[in-house]
Amino acid sequence: MTDVFRFFTDEILLDSRVMHERLVADASRQGLLDVAYHTVDSPVGSLLLAATEQGLVKVAFDRQDHDAVLAELAALISPRILRAPARLDPVARQLDEYFTGERHGFDVPLDLRLARGFRRAVLDHLPEIAYGHTESYAQVAAAAGSPKAVRAVGTACALNPVPVVVPCHRVVRSDGSYGQYAGGEDAKRVLLTMEAA
């Protein structure tokens, strides 16, 4: 009896995967897939990756509640969201290379529509902080054009829609302590320790 049950369960799972792949293909072909998402495992936990046709729009840590992040993307961008790993394959591959130490920067298109104004200026500067190096919030504020906006830099980093890829983890307090991080202090420590090795 269990072998028969297992056979039917496997068949149902296979059928649902095939149906999902057809749905994704049809939605993509008809221009109805506004946001594709995928989750990947990493040394800092499960990461949700989401991309529009323009590029990577969101990277979220497990502690940020992936379901809540998807609901937020549906409200802010479009409710036409599907799990479609193929669109995220280049990002997933580059993240793997980054976490194994083979890659020191990312070369993927970004959709930074979720960051505006000074927050966007901060995000534009962050990739200039070299792998294995850090800058203080004050240094980033000055580089982004507003030397007194140190707290605003903290907010920009906290709300960075694409952490790791846009390296807000490289921004630390003036005394060298880590400061806050969307993935948590342990995740920030892992990333900085890995880059320093």
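I take buried as under 20% relative accessible area, exposed as over 50% and partly exposed as in between (1.4 Å probe, protein chains only). With that, I looked up Arg 93, which is partly exposed at a relative accessible area of 44%.

A note before going on: this is a predicted model, where local features need pLDDT of at least 70, side-chain atom pairs count only at pLDDT 80 or more, and totals for chains, interfaces and linings use all residues. Residues are numbered from 1 along each chain as its sequence is written, and side-chain values use heavy atoms, leaving out hydrogens and water.

**Salt bridges**

I counted eight salt bridges, each a side-chain nitrogen of Lys or Arg within 4 Å of a carboxyl oxygen of Asp or Glu. Arg 93 pairs with Glu 97 at 3.8 Å, N to O. Both sit in helix H3, four residues apart, about one turn of the helix; helices are DSSP runs of H or I, at least four residues, numbered from the N terminus.

Which residue does Glu 97 also bridge to, at 2.8 Å? I found Arg 103, and both Glu 97 and Arg 103 are buried.

**Nonpolar core**

Next I turned to the largest nonpolar core, with 44 residues. Such a core is a set of buried Ala, Val, Leu, Ile, Met, Phe, Trp, Tyr and Cys residues joined through side-chain atoms within 4.5 Å. Among the members touching the most others are Leu 95, Phe 99 and Leu 126. Helix H3 gives the most to this core, six residues.

Conventions: Helix = DSSP H or I, 4+ residues; strand = E, 2+ residues; numbered from the N terminus.
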